[in-house]
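Okay, thanks for coming, everyone.

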Amino acid sequence: MILLQLLWSFIQIGLFSFGGGYAALPLIQQQVVHVHEWLTVQEFADVLTISQMTPGPIALNAASFVGTRMAGIPGAIIATVGNVLPSLVIVLFLAWIYFRFRTLKAMKGILFGLRPAVVALIASAGLSILFLALFGAQRLPDSIEQVSWYAIGVFLAGFVLMRIRKINPIHVILGSGILTVIASLVGVPI
Amino acid sequence: MTTEPNKPNQLSRGRLFWTLFSSTFTLSAFTIGGGYVIVPLMRKTFVDKLGWIEEKEMLDLIAIAQSAPGPIAVNTSILIGYKIASVTGALVTLLGTILPPLIMLTLLSYVYGAIKDSAMVKTLFYGMSIGVAIVILDAVVTMARTVLATKKILPPIIMILAFIATSVLHLNIVIIIVSCAAIGVISTLVLSKEEAAS
């Protein structure tokens with residue numbers, strides 16, 4: 001019974017979260033905290049904190065966490081499958097349409113308009129992560145004291161390195177993390 | 001380019017599926033920060049490294065992934081798998097993408113209390129977030145060049161307007177996507193009529 005409830009709740013979360021990532025947050029909260037009371041508000045906040053620190057989309061992280069809490073490993077698997085099921089069906093349908101009709105003029109027009117928009121959306125998300133690292137908030141800072149000069153230095157050095165030499169992105173991410181731990185250990189203000 | 005050894009149709013089914021699975025599994029396991037981080041990394045793997053998908057086609061797939069519900073990383077991985085090896089490919093890349101968070105969060109839900117206040121863990125993840133910003137903005141510069149290379153007026157305008165709409169005005173992403181698709185259709189149909197008339 002709890003497995004069916006998990007499945008149905010996470011199908012709904014998967015079905016209605018357009019725009020990815022944080023768009024799913026209010027839906028997860030509604031299902032998990034308010035409709036079913038599987039987590040308290042504090043526990044829900046903990047799930048968000050974990051999601052910030054671990055790989056994977058936030059909805060999948062919540063599915064595994066809540067599923068494990070409520071019904072062990074089978075619960076985690078069922079909730080995860082429920083979460084991706086709507087995506088699988090809808091995306092496969094859209095993919096079929098795309099590969100069949102992409103030579104049509106109207107489809108070409110749609111993609112002509114969407115390509116630059118996609119770049120803009122990724123740029124926007126990238127900047128909000130950058131601002132969070134540099135200023136401690138997802139926007140420009142109010143005063144110069146909120147600026148992390150350490151983070152600006154690492155960012156500029158890393159960015160220039162990456163443009164000049166094609167470094168593996170995972171090395172850049174892990175390298176920045178390890179460098180920051182070392183910097184904090186030797187007393188660099190970060 | 002028939003001499004290239006790594007094209008999808010020249011690999012055995014087993015090798016092909018293993019490459020799809022291991023690529024998406026590795027990306028999903030090492031990517032902190034959600035869809036907008038993993039998507040540029042997928043582009044890097046499947047466009048730059050393996051050469052299985054063209055730059056322009058990749059942007060189309062990302063656009064489709066964004067217009068469907070669900071996590072963008074999941075949607076993009078389904079599309080990449082489908083493009084390379086049909087429905088079976090889609091299921092393989094989907095599995096590769098969902099397994100790392102499933103395994104990690106199941107383990108973490110047991111040990112979370114013990115690590116959540118560790119200063120070392122916090123510092124490590126803070127440093128990694130700087131690396132994440134570097135990787136995303138590097139990908140943005142590369143993709144923006146593709147848009148500018150079309151040598152048309154409309155794409156850069158759409159790019160700037162979409163950026164303002166999301167970063168400054170915080171409009172709903174679905175609205176931005178539908179609007180840009182509409183602008184694209186209208187401009188393409190109008191232009192083709194003009195060409196036919198002249």
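This is a predicted model: local features need pLDDT of at least 70, side-chain atom pairs count only at pLDDT 80 or more; totals for chains, interfaces and linings use all residues.

So, a word on terms: helices here are DSSP runs of H or I with at least four residues, strands are E runs with at least two, and both are numbered from the N terminus. On that basis chain B reads α-α-α-α-α-α-α along the sequence. That's seven helices and zero strands.

Residues are numbered from 1 along each chain as its sequence is written, while chains are lettered from A and ligands numbered from 1 in the order in which they are written.

Staying with chain B: how many of its 198 residues count as buried? It's 49%, where buried takes 20 or more other C-beta atoms within 10 Å of the residue's own, exposed takes 12 or fewer, partly exposed is in between, and the C-beta atoms are placed from the backbone. As for contacts, meaning C-beta atoms, placed from the backbone, within 7 Å, take those in chain B with a separation of 6 or more: 52% of them come from residues 24 or more positions apart.

Now the interface. Here 88 residues of chain B are in contact with 82 residues of chain A. On the chain B side, the elements giving two or more residues are α1 (13-30), α2 (35-49), α3 (55-67), α4 (72-115), α5 (119-148), α6 (154-167) and α7 (173-197). Which one gives the largest share? That's α5(B), with 22 residues. By type, this side of chain B has 64 nonpolar residues, 20 polar and four charged. Nonpolar means Ala, Val, Leu, Ile, Met, Phe, Trp, Tyr, Cys and Pro; charged means Asp, Glu, Lys and Arg; the others, Gly among them, are polar.

Over to chain A. Its domain assignment gives domain 1 (2-101) and domain 2 (105-185), with bounds from an automatic or database assignment. The C-alpha centres of those two domains of chain A lie 26 Å apart.

Last bit, backbone torsions. Most residues other than glycine have a negative phi. A:Glu37, though, has a positive phi, near 55°. A:Glu37 sits in the loop between α2 (25-35) and α3 (41-53) of chain A, and is exposed, with 8 other C-beta atoms within 10 Å. In chain B, Lys151 isn't a glycine either, yet B:Lys151 has a positive phi of about 55°. B:Lys151 lies in the loop between α5 and α6 of chain B, and is exposed, with 6 other C-beta atoms within 10 Å.

How values were computed
Two residues are in contact if their C-beta atoms, placed from the backbone, lie within 7 Å.
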